[in-house]
Amino acid sequence: MLKQCEGSHAVAEAVALCRPEVICAYPISPQTHIVEGLGEMVKDETLQDCEFINVESEFAAMSVAIGSSAAGARTYTATASQGLLFMAEAVFNASGLGLPIVMTVANRAIGAPINIWNDHSDSLSMRDCGWLQLFAETNQEALDLHIQAFKLAEEISLPVMVCMDGFILTHAYERVDVPTQAQVDAFLPPYEPRQVLDPAEPVSIGAMVGPEAFMEVRYLAHARQVQALERIPQLAAEFKEIFGRDSGGLIRPYRCEDADTIVIAMGSVLGTLKDTVDEMREAGHKIGVLGIISFRPFPLVAVAAALKYCKRFVVLEKSLAVGIGGIVATNVRMAVTGMGLKGYTVIAGLGGRAITMKSLTAMLDKAGRDELELVTFLDLDWKAVNKQIEREKTHRKTGPVAEALLRDAGIVGARNY
Amino acid sequence: MTMMDKPFAITLDPGSSLANRTGSWRTYKPIYLDRLPPCNATCPAGENIQGWLFHAESGDYEAAWRSLTENNPLPAIMGRVCYHPCEGACNRQHVDSAVGINSIERFLGDEAIKRNWQFVKPATQSGKRVLVVGAGPSGLSAAYHLARLGHTVEIQEAGPFAGGMMRFGIPKYRLPREVIEAEVQRIVNLGVTITLNTKVSNIEASMQAGKFDAAFLAVGAHIGKRAYIPAGTAAKVVDAISVLRSMEGEEKPMLGRRVVVYGGGNTAIDVARSVKRMGAEPIIVYRRTRDKAPAHDFEIEEALQEGVMVKWLSTIKQAEEGEITIEKMALDDKGFPQPTGEFETLAADSVVLALGQDVDLGLLDGVPGLDVKDGTVQVGPNMMTGHAGIFAGGDMVPSERTVTVGVGHGKKAARHIDAWLKGETYAPPPKHEVAAFEKLNTWYYSEAPHVVRPTLDILRRQSTFEEVVGGLDESNALFEARRCLSCGNCFECDNCYGVCPDNAVIKLGPGKRFSFNYDYCKGCGVCVAECPCGAIKMVPEEN
Amino acid sequence: MSFQPVKFYQTGTFTVGNRLLAPEERSVQASGKRFNSINSGHRACQGCGEALGARYAIDAAMEATQGQLICANATGCLEVFSTPYPETSWQIPWIHSLFGNTAAVATGVAAALKIKQKKNPRAQEIRVIAQGGDGGTTDIGFGCLSGMFERNDDVLYICYDNGGYMNTGVQRSSATPPAARTATTMAVGPEPGNVFGQGKFVPAIAMAHEIPYVATATVADLRDLEAKVRRAMEFRGARYIHILVPCPLGWGTYSSETIKMARLAKETGIFPVFEAEHGEIKSALAIRRQLPVEDYLKPQKRYAHLFGKQPNVAVIAKLQALADRNIRKYKLLEGV
């Protein structure tokens with residue numbers, strides 16, 4: 001059924017169609033609308049047989065999810081940014097215990113300085129936490145990925161994060177095709193836990209494992225993610241059979257067949273990139289876009305195959321590995337090891353900075369001429385940055401950088417707040 | 001094993017830690033043991049008091065009585081006249097007050113009489129014959145034990161009744177005669193022959209005549225000791241034993257109104273309390289102080305309550321018709337009484353000497369090998385006299401002269417006689433270490449003060465010979481029995497089983513106690529610390 | 001002669017069992033068929049109070065729920081000594097997640113069970129217990145604990161309080177008593193040991209949440225402990241039992257004296273044993289043989305600095321005052 005609705009609402013509907021049994025909710029922007037929607041559905045009983053628990057923190061949210069999942073309930077929660085960091089210990093624990101929890105991360109920057117707008121720093125800070133991470137390009141894909149995520153998580157008994165860009169997707173009203181309950185039921189079987197807390201068959205879950213077996217446990221977690229690399233495209237195919245549309249998978253190439261330059265990115269920025277590429281193609285640039293949907297597991301082989309015939313790649317990412325550069329880029333470079341490709345890292349859109357077609361076109365044009373710096377910060381205000389650098393050279397006590405920059409930009413008055 | 005496809009290492013099968021034998025950590029290990037309860041340790045009759053109380057605690061009085069009579073055939077008597085050193089030793093006195101063992105024993109004895117419980121006859125007979133001389137407590141005890149061991153026993157008693165000093169030396173108000181009759185009859189029912197009015201004047205001749213293989217002499221000590229007191233011809237001076245004996249007959253002794261009893265032992269008290277009941281006014285004259293008097297303090301206390309007067313620190317210097325002269329004494333540095341030269345006269349219609357008793361050793365004249373010293377027959381550790389096959393016990397051998405000691409002698413002698421008859425030597429099993437109070441954890445015992453046996457009100461007991469101390473009823477006896485701390489002997493409270501942090505105690509089931517699972521016992525010692533009765537101890541682990 | 005009820009059973013209910021009691025009147029621990037929820041072979045120190053307390057409590061809960069129980073366990077001694085790979089001591093469904101999230105994990109389990117019950121009303125109902133040490137409860141797990149209380153989730157949380165972080169080598173927790181030496185409150189300087197005026201008593205905080213049931217207990221009063229677990233399982237919603245479990249390692253006591261130390265804590269008034277329903281005190285276990293706090297302090301090496309050549313009478317008096325306050329506050333001499 002086609003609906004014009006907010007992305008968060010679309011996700012809430014998708015999650016509800018998956019018949020979750022326990023939902024843990026703790027408010028943090030920009031995820032809040034999703035759990036609000038689910039809470040209302042539970043309360044008005046359109047979503048039945050589901051416990052909606054208002055917890056006291058994200059740490060508790062993930063902990064409650066661990067308990068309910070271990071007790072055999074299909075479990076969902078959502079978070080973002082600081083919330084994901086606050087639940088970090090439990091995030092690692094959930095995957096360590098092999099619990100198929102599904103969590104939406106409405107991607108948002110991490111402070112300080114505190115910032116509620118979109119980038120991918122939160123999910124990517126958890127890149128090694130053992131969860132699968134799927135990035136949605138559109139609200140429709142966000143909706144679809146949640147349905148696939150439950151099936152994937154429960155089949156391989158690992159938790160899955162569905163990452164969608166905060167505000168850009170979560171708060172955007174778009175047309176989405178909301179599937180029927182029958183379609184979802186046909187795709188997603190009831191949860192059959194791999195292990196469950198049950199007095200009829202008692203087990204101890206969460207043993208202390210020493211050096212004699214710890215490496216093996218970690219390897220097995222890795223092996224299962226590798227196994228998911230096979231399963232994710234299959235699921236996308238199965239999904240298409242029932243729902244009739246392409247959604248999910250490992251990667252999504254766009255006009256890459258004869259491209260000399262391929263720009264790689266995750267999430268909603270892919271839409272802007274595709275438009276940019278279309279325009280640049282018309283101008284004669286042999287350029288394509290590679291969307292990465294599955295960041296974890298990282299599809300090394302698929303990425304290498306997609307880049308096989310290009311001359312260079314540009315990774316445009318909404319995250320920064322401070323002190324080295326890109327995070328996604330590092331992963332891509334691993335995929336193309338030995339292929340002799342030129343690779344550029346472009347850090348863009350941090351903290352919600354708009355990524356415009358104009359800037360992208362200029363940057364990609366430079367890249368096509370191999371004049372791009374290896375690590376580029378898109379649309380960086382060099383004036384402000386240089387002024388602060390100068391200030392720091394002369395004064396030891398320069399105060400907080402963020403406030404100084406805002407003052408320079410005239411956003412905050414001269415008076416100290 | 002399980003259907004679940006469990007994640008490697010993170011998820012484990014239940015209870016699998018049994019593979020980890022933590023017993024290897026141990027340097028000390030707990031072991032169960034039976035310690036000797038102080039009551040048992042001090043009982044002259046060798047009763048397993050804690051053992052029979054154990055049955056009484058659960059209300060199985062017959063089992064309790066049967067356990068008790070394994071060692072002592074006279075519980076109804078003993079429950080009245082025993083001076084119960086067991087209670088003096090009882091660990092419960094350090095908690096609140098001693099367990100009223102004596103009163104429970106009496107309850108069991110009375111219950112046995114009421115319910116006509118009888119002894120079980122031995123399955124086989126040895127064919128040996130044993131002569132017991134004297135039907136006092138020692139003789140009756142020996143006869144009982146010998147009969148249970150399968151020997152043919154005949155008691156020859158000089159007097160007209162069985163009971164000895166229990167009948168002739170203990171007043172009715174302390175020991176009703178029906179009680180003696182009943183317990184003696186039960187021994188007769190076991191198969192013991194009692195021949196009354198038969199004084200053995202020559203033991204060897206009597207043994208030969210009756211074809212006896214062994215003899216146990218227990219003729220007691222009932223010749224009152226005399227002390228020289230200058231006395232006028234009209235003064236009436238008699239001995240205590242003859243006074244007490246005459247109480248048994250129809251004619252009460254003629255002692256007058258003011259009766260001076262000379263002595264500080266139990267017999268003196270018995271005489272004073274007896275004559276009080278006949279309407280006289282007894283005054284006890286004793287040369288030392290109350291705390292030095294050999295009489296049991298509770299008897300002195302009861303006598304004082306009944307109106308018996310006592311002149312402490314006094315000796316009789318002279319007795320005349322109607323009055324005596326006494327000299328005040330004073331204790332010297334060593335606690336001995338010394339004359340002060342201070343005199344006093346007391347009105348006295350008669351003087352009863354209660355200064356101890358001597359043994360009539362006539363029957364031993366001419367028996368070779370006997371050793372008589374200080375008027376008593378010497379016996380070895382096996383109770384045998386210097387003459388093979390002739391054993392002796394009770395008041396006639398050197399010992400404390402009490403009914404209980406007599407009963408103990410009888411049992412001990414019976415065991416040695418039995419062994420001697422078989423050509424063997426009886427070796428008593430080694431005694432366990434005593435369960436001292438420090439070995440107990442008395443926290444676990446409920447607060448429960450001693451049940452005081454009802455006593456006759458003063459007016460009634462001053463004038464009648466009714467039994468002064470009443471018995472416990474069933475509920476009281478049960479209560480009192482349950483006050484037992486079961487010192488040193490497991491009473492299956494489950495503490496060790498419960499408090500072990502390693503589940504290393506195995507519960508074997510009712511009556512079977514517990515054992516340790518040394519595969520897992522880490523040797524922490526909590527079971528030892530928390531055992532209420534001190535029936536576990538730690539010992540070093542071998543290697 | 002004063003009346004004595006015949007219902008006197010030698011040791012009454014002070015011992016674990018008592019052959020004179022009817023089997024149904026005996027403790028769960030007395031039964032030859034008890035669950036032994038935590039099995040032999042665990043790696044707790046000799047004389048571990050926590051191992052004992054956990055078996056007491058969980059066995060009692062297993063009895064109360066006819067074996068329909070799931071347990072969530074915080075990181076700490078209990079978790080480490082019971083479930084080192086490849087063996088577990090637990091014979092019940094059990095999960096360990098983290099140090100500070102046990103109450104929340106239990107909430108999740110309870111939520112899952114609630115839905116399962118709703119979907120299959122004829123299935124036997126399963127109840128949930130969360131458990132942890134004092135560090136996992138009063139410190140790092142406190143947020144989740146309070147959240148669970150506040151939502152009144154159907155979880156019984158049991159705290160095994162041994163007064164410190166024993167698993168990591170005896171450091172101070174907010175349940176460490178004043179003056180006690182720990183590795184982070186050493187017995188040095190002008191005020192040796194843990195400071196006065198800090199720390200928190202979580203049972204009182206639990207009561208402030210007005211949850212249905214709050215109780216304290218010790219391993220020295222088994223029947224009381226079992227009764228409280230049984231009572232707790234009669235309620236729905238959040239419940240809290242705080243059990244004092246002496247630690248021979250952390251307290252510096254003989255391994256054999258674990259129960260004795262708990263008994264002394266209660267008998268001196270240092271540790272009040274009581275129960276409360278919906279925020280109001282309902283009963284207190286009366287002190288049976290009152291003792292001065294010295295009797296409790298002296299056997300413990302963690303207080304050894306108070307008993308040198310010159311006993312620190314001032315500090316001892318302050319500790320006595322704390323005990324006296326408990327006695328007044330919880331009416332420990334008369335019992336309620």
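**Notebook: two interfaces of a predicted model**

I looked up B:Glu306 first: B:Glu306 forms a salt bridge with B:Arg461, and the closest N and O atoms are 2.9 Å apart. I count a salt bridge where a side-chain nitrogen of Lys or Arg lies within 4 Å of a carboxyl oxygen of Asp or Glu.

The model is predicted, and local features need pLDDT of at least 70, side-chain atom pairs count only at pLDDT 80 or more, and totals for chains, interfaces and linings use all residues. Residues are numbered from 1 along each chain as its sequence is written, chains are lettered from A and ligands numbered from 1 in the order in which they are written, and side-chain values use heavy atoms, with hydrogens and water left out.

**Entry: domains of chain B**

I noted three domains in chain B: domain 1 (39-118 + 446-481), domain 2 (129-221 + 359-421) and domain 3 (225-356). The bounds come from an automatic or database domain assignment.

I then took domain 1 of chain B against domain 3 of chain B, whose centres, taken over C-alpha atoms, are separated by 31 Å. Domain 1 of chain B puts 10 residues into the contact and domain 3 of chain B puts in 14 residues (contact: heavy atoms within 4.5 Å). The two domains bury about 1000 Å² between them, with 55% of it on carbon and sulfur atoms. Buried area here is the accessible area (1.4 Å probe) that two parts lose on being put together, summed over both. On the domain 1 side, B:Tyr83, B:Gln462 and B:Phe465 lose the most area to domain 3 of chain B, together 58% of what that side buries.

I find one salt bridge across this interface. I also count seven residue pairs in polar contact between domain 1 of chain B and domain 3 of chain B, both residues at pLDDT 80 or more. A polar contact is a pair of N or O atoms within 3.5 Å; within protein, one must be able to donate a hydrogen and the other to accept it, and residues adjacent in sequence count only if both atoms are side-chain atoms.

**Entry: chain A against chain B**

I listed 17 residues from chain A and 12 residues from chain B in the contact. The area buried between the chains is about 1300 Å², and carbon and sulfur atoms give 65% of that area. I find zero salt bridges between chain A and chain B, and four residue pairs in polar contact, both residues at pLDDT 80 or more.
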